[in-house]
There are 2 protein chains.
Amino acid sequence: MAAQHRQQATPAGHRTPPVHTDPRDVPLEAALVALGDPVRRSLVRELARAGEWERSCGSFDVPVTKTTLSRHFAVLREAGLLEQRDAGAKRLNRLRRTEFDARFPGLLDLVVNEDEGG
Amino acid sequence: MAAQHRQQATPAGHRTPPVHTDPRDVPLEAALVALGDPVRRSLVRELARAGEWERSCGSFDVPVTKTTLSRHFAVLREAGLLEQRDAGAKRLNRLRRTEFDARFPGLLDLVVNEDEGG
DNA sequence: CCGAGTGTTCGTTCGACATCGAACACATTA
DNA sequence: TAATGTGTTCGATGTCGAACGAACACTCGG
């Protein structure tokens with residue numbers, strides 16, 4: 001045993017690693033509520049345009065503070081909409097396209113294809 | 001002209017006839033928020049099982065008072081999810097299946113096929 | 001080691017909405 | 001006409017969630 005060396009601790013201000021929810025375990029209500037918020041839909045859309053693991057949390061153009069942004073990401077994660085991976089100080093994101101699509105066919109498409117500007 | 005006989009006035013405690021919103025004019029946000037509520041989804045599901053114009057507002061089995069129920073119906077109407085028609089003292093309902101489906105493909109199916117009991 | 005950068009947690013505030021009871025409006029029936 | 005049934009509007013209440021600032025934890029570059 002003797003001082004096992006902290007195997008892969010928890011990076012970047014994240015005492016705890018990101019907790020994921022499998023889309024298959026997500027109730028419809030959680031999905032609808034998560035996507036009911038305009039900021040979160042904006043995040044999802046931007047994420048859909050980008051490649052996987054390309055964007056970090058802070059790289060999104062939304063009119064909210066860090067605190068609120070962090071909360072939104074947590075909600076999306078719990079709704080099975082995205083997966084997160086720590087890379088150094090940053091936390092990278094990936095939209096769970098196919099998995100979420102399998103669980104709620106058509107739903108994600110509606111959001112992604114939503115008209116952006118007013 | 002002379003005393004035109006009130007052509008089809010406004011029945012049943014409804015001073016004003018029901019105001020409808022065409023599904024094509026409904027923003028995605030309104031649809032998601034409307035369907036985010038469990039009571040409203042329950043109404044939609046029950047309505048999907050029944051035939052058109054078969055059920056009146058009061059005939060639904062939901063754990064809320066008349067007041068709240070009336071409000072929920074208004075929200076569903078504004079979200080383009082249902083059409084209402086006055087018949088005597090009652091107000092009958094019809095799910096706008098095909099129209100809503102055309103505007104938001106797949107969305108209504110998710111709700112209708114949702115598992116009912118916990 | 002010290003700063004700057006990234007993201008979370010804590011505690012609070014605020015607005016939106018689901019809910020209710022009471023009062024009202026209209027229809028139907030006795 | 002009175003009584004009942006159906007559905008809405010009004011005003012008040014309670015709860016939930018979005019938003020924020022400040023403090024904290026961790027990484028990385030000087």
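**View 1. Residue pairing between β2(B) and β3(B) in the predicted model.** In this predicted model, B:Glu83 lies opposite B:Arg94 of β3(B). Six bridges join β2(B) to β3(B), residues 90-95, in the antiparallel sense; strands count as paired if DSSP finds at least two bridges between them. The open sheet has three strands in the order β1-β3-β2 (chain B), paired antiparallel. Its edge strands, β1 (55-56) and β2 (82-87) of chain B, each pair on one side only. Helices (H or I, at least four residues) and strands (E, at least two) are DSSP runs numbered from the N terminus.

**View 2. Helices against the sheet of chain B.** Helix α2 (residues 38-49) of chain B packs on the sheet and touches β1, β2 and β3 of chain B (contact: heavy atoms within 4.5 Å). The direction of this helix makes about 85° with that of β3(B); angles run from 0 to 180 degrees between N-to-C directions, with axes fitted to C-alpha atoms, for helices over the stretch in contact. Helix α3 (residues 66-78) of chain B lies across β2 and β3 of chain B, at about 125° to β2(B).

**View 3. Salt bridge between A:Glu29 and B:Arg41.** The two side chains meet at 2.6 Å, N to O. Chain A and chain B share two salt bridges (Lys or Arg side-chain nitrogen within 4 Å of an Asp or Glu carboxyl oxygen). On the side of chain A that touches chain B, α1(A) gives the most, with five residues.

Residues are numbered from 1 along each chain as its sequence is written, and chains are lettered from A in the order written. Local features need pLDDT of at least 70 and side-chain atom pairs 80 or more, whereas totals for chains, interfaces and linings use all residues; side-chain values use heavy atoms, without hydrogens and water.
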